Amino acid sequence: MSTTSRRGFITTGIAAVAGLSAAAVAAKLAGKCGLVPPDHGGLYGPGETLTFAAQRLLTRHSMAREFDRSQISAKPLANELAPLPDEYKRHQEAGFVDWRLNVEGMAAKPMSFSVAELKSFPSRSHITEIACEEGWSYVAEWKGVPLSYVLDRVGALPQVRYVVYKSIQTDWWDSLDMADALHPQTLIATTMNGGDLPTGFGGPLRMRVPRQLGYKNVKFINNLILTDDIKRFGKGLGSASPEGGYAWYAGI
């Protein structure tokens, strides 16, 4: 190895170590400020923490881009679904009249809402993009009740730090911290492009989180749990996503 290449190798190594050290120091500072994601452990933990903390400090109240109606995708992609349970099929045949969204946990008034009730609540709509980590995306108009309204309706306690949301697909669940849970663009979506939310896109209810990647937008939701301790759910990583190798925080 030449002197020049050896020097470059050593310099690169020092820079890499310095970078890792800086990330570790930043992660410790984020911890002191309470800005640590549930999946902060492991090799990539400091980087995940740094990303999450930076987003929360710099863009906590930022809005996802909203598009013009003319930019709605002509053929939005409904990605492949795992076989749905018989329970879902029974609800579908009945027009989802008995589908309930149960809200429990740290709430003064735990409640259960029908799809019709949710549609009667104050609503918001936005034309936003769903972007998948696999590379595809589409723009659609989403309408639904803001998650913040539902949390207010049930009297979410001040100690709540996360909202866990579960699907009728029992192996699929996720969670949001309160910055995204209370964000005005975060919806419990009931309609898409002016019609009832189609099955392929998560009907009758889907969490719509336009500031995060597609996998945070869980389909077929039927249960919300308000909690101050995310470690008691699943493997304690915040959702099924990091259990499968993805990041818990998937900010765009």
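The paragraphs below walk through this structure, from its sheet to its charged pairs, its nonpolar cores and its aromatic rings.

The structure is a predicted model, in which local features need pLDDT of at least 70 and side-chain atom pairs count only at pLDDT 80 or more, while totals for chains, interfaces and linings use all residues. Residues are numbered from 1 along each chain as its sequence is written, and side-chain values use heavy atoms, with hydrogens and water left out.

Helices (H or I, at least four residues) and strands (E, at least two) are taken as DSSP runs and numbered from the N terminus, and two strands are said to pair if DSSP finds at least two bridges between them. Strands of a sheet pair through backbone hydrogen bonds, either parallel or antiparallel. Here, 5 strands make an open sheet with the order 2-1-10-5-6, and the pairing is mixed. Strand 2 (111–114) and strand 6 (173–177) stand at the edges with a single partner strand each, so one side of each has no neighbour in the sheet. From one strand to the next, the twist averages 20 degrees. Strand 1 (residues 100–105) and strand 2 run antiparallel and are joined by 4 bridges, and N102 has S112, in strand 2, as its bridge partner.

Across this sheet lies a helix. Helix 5 (residues 147–154) lies across strand 1, strand 2, strand 5 (162–167), strand 6 and strand 10 (221–227), and runs at about 135 degrees to strand 2. Such angles are taken between N-to-C directions and run from 0 to 180 degrees, the axes being lines fitted to C-alpha atoms, for helices over the stretch in contact.

Next come the charged side chains. Side chains of opposite charge can pair when their charged atoms come close. With a salt bridge defined as a side-chain nitrogen of Lys or Arg within 4 Å of a carboxyl oxygen of Asp or Glu, a search of the whole structure finds 8 of them. One is formed by R124 and E66, whose closest N and O atoms are 3.5 Å apart. This pair links distant parts of the chain, since R124 is in strand 3 (residues 124–131) and E66 is in the loop between helix 2 (45–59) and helix 3 (86–93), 58 residues apart. For accessibility, buried means under 20% relative accessible area, exposed means over 50%, and partly exposed is in between (1.4 Å probe, protein chains only). R124 is partly exposed because its relative accessibility is 24%, and E66, at 39%, is partly exposed.

Another salt bridge brings together D196 and K119, at 2.7 Å from N to O. D196 is in strand 8 (residues 195–196) and K119 in helix 4 (residues 115–120), 77 residues apart. D196 counts as exposed because its relative accessibility is 55%, whereas K119 is partly exposed at 39%.

Are the partners R211 and D180 buried or exposed? R211 and D180, whose side chains meet in a salt bridge of 3.0 Å from N to O, are both buried. Salt bridges that share partners join R56, D177, D180 and R211 into one network.

A nonpolar core is a set of buried Ala, Val, Leu, Ile, Met, Phe, Trp, Tyr and Cys residues joined through side-chain atoms within 4.5 Å. The largest such core has 33 residues, and those with the most contacts inside it are L147, I188 and L224. Helix 5 gives the largest share of this core, 4 residues. Taking contact to mean heavy atoms within 4.5 Å, and leaving aside neighbours within four places in sequence, L147 touches residues including V163, L176, I188 and L224. A second, separate core of 10 residues has Y162, V164, W173 and A240 among its members.

Finally, there are the aromatic rings. Rings of Phe, Tyr and Trp (its six-membered ring) pair if their centres lie within 6.5 Å, and planes under 30 degrees apart count as stacked, over 60 as edge-to-face and the rest as tilted. By this rule there are 14 aromatic pairs. F52 and W248 form an edge-to-face pair, 5.6 Å centre to centre with 70 degrees between the planes. F52 lies in helix 2 and W248 in the segment after helix 7 (240–243), so the pair ties together parts that are 196 residues apart in sequence. F52 is buried at 4% relative accessibility, and W248 is buried at 2%. Ring pairs also link F52, Y162, W248 and Y249 into a cluster.
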